[in-house]
Amino acid sequence: MPRRLGQVDEAKGIAILEAAREALAERGLGASIENIARRAGVSKQTVYNRFGSKAELVRVLVERRVDEITAHLDSPGSGDGPEEALSGYARVVLESIANPSSTALLRIHIQGAAEMPELARTFFETGARTSRARLAAFLEGETRAGRLRVDDFALAAEFFAGLVIGSHQTSRLLGVDSNLTPTAIERIAREAANRFVRAYRT
């Protein structure tokens, strides 16, 4: 059965994003649109037609990852109590830190920030800043619902992120084993969520 045009376009978009992720992880912010198009098996014009620019490609890539990280904060069950949602958020953050390709992508963005500050800013604004903002919004909702008592939502979001990330991201960036096994990830995620909720419980 032939695919409809929309299905073809969607498949091309996914192929381009995957190719961009690989190219950026290998070559950094200097990865060319030509290289991305070649990896995706499409023309350079198709990449531009679909995304417009390399900055937009970076934005969409990071935005998709942030959606995955923050999905637990929007899940239907998160209204039953903040601890489970926070531990789910923490788990995905730690799994991302433990992922070699995610670490390579972050390392290369840091290395290329001085030469391409606009792309680096896009990476930060769409990634870390958006993730924290969504976490802060979740904490505000839990406070309004009476399940938590948080005065400064943005600051509390930073506190929770710090509890979760600790030195793990730095050690991975430096190539030092942070021992983030699945068992360790689960323990850290649950412990961080439990301690945070106890600190801010009403």
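**Figure 1. Order of the elements in the predicted chain.** From the N terminus on, the elements of the protein chain run α-α-α-α-α-α-α-α-α-α, which amounts to 10 helices and 0 strands. Helices (H or I, at least four residues) and strands (E, at least two) are DSSP runs, numbered from the N terminus. This is a predicted model, in which local features need pLDDT of at least 70 and side-chain atom pairs count only at pLDDT 80 or more, while totals for chains, interfaces and linings use all residues. Residues are numbered from 1 along each chain as its sequence is written, and side-chain values use heavy atoms, with hydrogens and water left out.

**Figure 2. Helices α8 and α10.** The axes (lines fitted to C-alpha atoms over the stretch in contact, with angles from 0 to 180 degrees between N-to-C directions) of α8 (residues 153-165) and α10 (residues 182-200) come within 9 Å and cross at roughly 150 degrees. The two helices are therefore roughly antiparallel to each other, a term for angles over 145 degrees. Contact (heavy atoms within 4.5 Å) is made by Ala156, Phe159, Phe160, Leu163 and Val164 of α8 and by Ile188, Ala192, Ala193, Phe196 and Tyr200 of α10.

**Figure 3. The largest pocket.** Its volume, the space filled by probe spheres set on grid points joined across faces, edges and corners, is about 1000 Å³. A pocket is an open set of points on a 1 Å grid over the protein atoms alone, where a 1.4 Å probe fits, with protein on both sides within 12 Å along at least five of seven lines; lining residues have an atom within 4 Å of a point. Of the 35 lining residues, Arg65, Ile69, Ser96, Ser102 and Phe123 are the closest to the centre of the largest pocket.

Methods. Angles under 35 degrees count as roughly parallel, over 145 as roughly antiparallel, 65 to 115 as roughly perpendicular and the rest as oblique.
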